[in-house]
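Trainee: Could we go through this structure together? I would like to begin with the chain as a whole and then look at individual residues.
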Amino acid sequence: MALPVAEWRGRTARLWAALDPALRERLAAASLHDAVRLGCDLLRTEEEEEAALVRLCHQAPTDKEPEAASWYREQGNRQFKQGHYQAALRLYSKAASHEPPGSPEVSVCFANRSAALLHLGHFEVCLEDIARAESHGYPDRLLPKVLLRKAECLLCLGRLQDAQDILGALESKTALDRVVTTHLTRLKSQLKVKLREKERCPEAAREARGGTQGKSEIWEENNSISGASSSLSLSFDAERGRHLVASQDIVPGQSLLKEEAFVSVLCPGESLPLQGGEAAWDTRATNADLYCHRCLRQLLASVPCQGCSYAKYCSQDCADVAWQQYHRTECSLGALLLTLGVFCHVALRTVLLAGFAEVSRLVGCSHSGDEDLQNPEARCKPLSEAPDAGAGARGIPGCNSNGRYQSSYQALFHLLPHTEQHGAEHKFLCTLSVVAICKQLQAAGLEAAVLSQESPQQWSKPKTREKTSDELSPELKTVAEAMLRHVLQLQCNAQAITVMQELGPADGAVVNKKPVRLATAFFPVLSLLNHSCCPNTSVSFSGTAATVRASQPIPRGQEVLHCYGPHRCRMKVAERQQLLSQYFFECRCQACLEELESGVKSLVPIRNSFCCPKCRAQMQGEEDTLCCSNEACATSASRENLSCRLQDLQQRIKKALDLLRVGKADQAVKMLLKCQMDAGNFLSPEHLLMGEMEDHLAQVYATLGQWQEAARHLKKSIEVVEMHHGPSSVETGHELFKLAQILFNGFAVSEALSTIQRAEGILSVHFGPQSAQIQELQEMKACLSELPRNILQRT
């Protein structure tokens, strides 16, 4: 959720409507500095609005709740007993996040979670959780069970001496119950077997398969643009503003830019239901439970924040760094930040990472009449007018004194806020929201921490002032002004960090994934790329790092372009233009010009059209009544009726997938085949939903182990995907990856090898040779290539 919750947006809209027209006019024309001053005055007098915001924060609590912790732990125990270890793991993590640090209860959460990790085969992480349980004062009476678990992990990892030491220490204890004694005896027997094996084969060579290594990427960094390839140059003109151009011929798959986000904030994201019904507390896992709040790595056993129940990290190191850099300030504001949305959160974290000194300097420059900050592109000249590259680069906003464009706060600050283009009511909402955050910072005694006036030793316990003025300090007004600038910048410069998230259990023969928005970030260098509805680059993410690769040949002198959202394959030009208006420009890319000026009709509506129930020709028309495009057929139908049929079909498909999730694959097949038959009566064969149904059928047949049938359906899905997205698109690459898995499992060797080769060629262009999917494809290829020659010849 980028913007504040609907209730707060509604309240600010009503407050805006009730303002005196003259004041509305002043606010609409106000500079960022004046908008903050007026916003402070309004929020100080509107105590009802502040009280309403406090009530809204109660709907998104981030405090620790021991009762919730106890309930989550009980739910985890229930899932564990049923053998649902992954669900138990996440519930124990939720329980740990609600327990106060250092309590016996949190040590039990870690110990219980270690048991789930052992069953899932994550031995190293299990040992880490056992260490956490011990460090938080795990009860002595329960310690033997945990030590046995530790010994079992060490045995599985081949650390025999460590395991022997633990078992020996346990054996010396006299008061062990029967269950522990039995377990101890079993582990001692396993240890003896492993020690004998080690004696027989002391120099046994360990297989070092570990995956086939892909080719390393050639990279020569640009001297003038941090993180960019030397094949790019920074340029400027009045129409395109700052942009990147190919300084030499670029080939598909070539890396052009590698940038770490200046700031990123995890989006709460969609809820993924765990096993278990509705209850007092939510058992669903969201992005907040699944990914590290700092580095965005996928979480297995999260380290909870010691102060709130929301922030979770992949390691204690990540937790410590986050605390020092920004979370010491954000921790007590968690509910407010969730209520006011990700954009406000990104804005606050941006100024915290930049530091008040740099924020104050640049805000001050914007007050001094510096045109470069009021309108960053007003005084720029094309590089061709400059005597040398360095001098030209110095004329481009965001560059430092040496003419280098860095991924820095200075570059970020120079991104256009489009203050004049934003609607007055929207600016009002943003202003009141950032002022509310700064008022809370002041009320919570966090002002000094924001201004970096305290030592790190004083950061751990935020102080509450005995009495605070309703008036914001000048320093916090500066912070609010910078935050307002960043919230407005985000409309055009926010970059969604996406990840391919697995659907269903990860241990299936075929892993199905979908792209999910994981975080919102500022990438100052990536923001230099202008939009095209048919871009020549592809962007991928690893944690908080973005990599831009060429997706097609880019000749020297051509602009390097990125797609901001609506691709020409997904939407016709009128719809794209409407969506792109949020970025305050009219798209004049090649794809749009072809459709607008050359009369080229978009294939999108044709491919996703309804078809005639009698002759199967395309139904057409702009009004509610659609007519068959076949002149010999006079059939007509209501658009509303066909749309209702489509919605009903989508609901039935969802029910079929629900059946598959609960293990009723046979029923799912029957329902999907019936859906497919019904869809053929009113949807065109190229409709995306027709391809999705083929994909779902392939998934069901793969679950049943019917590989040949699964491959047949997936090939049909790929045909539809290629029609919509193109044969070299990332979407086609993902479908080919799934087909390779199916053919591999079905032992169709020669076809699997050719599919692997094609998938590898496409995915390496978009994600590079070191990506996880490429590594998996290479492992499959190596495995198939090692089969005996007579088997390869037969297949």
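Trainee: How much of the chain counts as buried?
Mentor: This is a predicted model. Of the 795 residues of the chain, 50% count as buried.

Trainee: And how many helices and strands are there?
Mentor: The chain contains 33 helices and 15 strands.

Trainee: What share of the contacts comes from residues 24 or more positions apart?
Mentor: Among contacts with a separation of 6 or more, such residues account for 64%.

Trainee: Let us turn to charges. How many salt bridges does the whole structure have?
Mentor: A search of the whole structure finds 30 salt bridges. One of them joins Glu358 and Arg361, with the closest N and O atoms 3.0 Å apart.

Trainee: Where do Glu358 and Arg361 sit relative to each other?
Mentor: Both belong to helix 16 (residues 356-367), and because they are three residues apart there, about one helical turn separates them. Glu358 is partly exposed at 24% relative accessibility, and Arg361 is partly exposed at 38%.

Trainee: What about Lys738, which residue does it pair with?
Mentor: Lys738 forms a salt bridge with Asp695, and the closest N and O atoms are 2.7 Å apart. Lys738 lies in helix 30 (residues 730-745) and Asp695 in helix 28 (residues 688-703), so this pair ties together parts that are 43 residues apart in sequence.

Trainee: Are Lys738 and Asp695 buried or exposed?
Mentor: Lys738 is buried, and Asp695 is buried too.

Trainee: How far apart are the N and O atoms in the salt bridge of Arg712 and Glu709?
Mentor: The N to O distance is 2.4 Å in that salt bridge. Arg712 and Glu709 are three residues apart in helix 29 (residues 707-725), which means that about one helical turn separates them. Arg712 is partly exposed, with a relative accessible area of 38%, and Glu709 is partly exposed at 23%.

Trainee: Now Arg149. Where is it?
Mentor: Arg149 is located in helix 9 (residues 143-156). Arg149 is buried yet has no salt bridge. The nearest side chain of opposite charge belongs to Glu152, 6.9 Å away.

Trainee: What does the side chain of Arg149 reach, then?
Mentor: The Arg149 side chain reaches the backbone oxygen of Ala111 at 2.8 Å. Beyond its neighbours within four places in sequence, Arg149 is in contact with Ala111, Ser114, Ala115, Leu118, Cys126 and Ile130.

Trainee: One last topic: how many disulfides are there?
Mentor: The count comes to zero disulfides. A disulfide is a covalent bond between the sulfur atoms of two cysteines.

Notes: Residues are numbered from 1 along each chain as its sequence is written. This is a predicted model: local features need pLDDT of at least 70, side-chain atom pairs count only at pLDDT 80 or more; totals for chains, interfaces and linings use all residues. Side-chain values use heavy atoms; hydrogens and water are left out. Helices (H or I, at least four residues) and strands (E, at least two) are DSSP runs, numbered from the N terminus. Buried means under 20% relative accessible area, exposed over 50%, partly exposed in between (1.4 Å probe, protein chains only). Lys and Arg count as positive and Asp and Glu as negative; His and the chain ends are not counted. A salt bridge is a side-chain nitrogen of Lys or Arg within 4 Å of a carboxyl oxygen of Asp or Glu. A polar contact is a pair of N or O atoms within 3.5 Å; within protein, one must be able to donate a hydrogen and the other to accept it, and residues adjacent in sequence count only if both atoms are side-chain atoms. Contact means heavy atoms within 4.5 Å. A disulfide is a pair of cysteine sulfur atoms within 2.5 Å.
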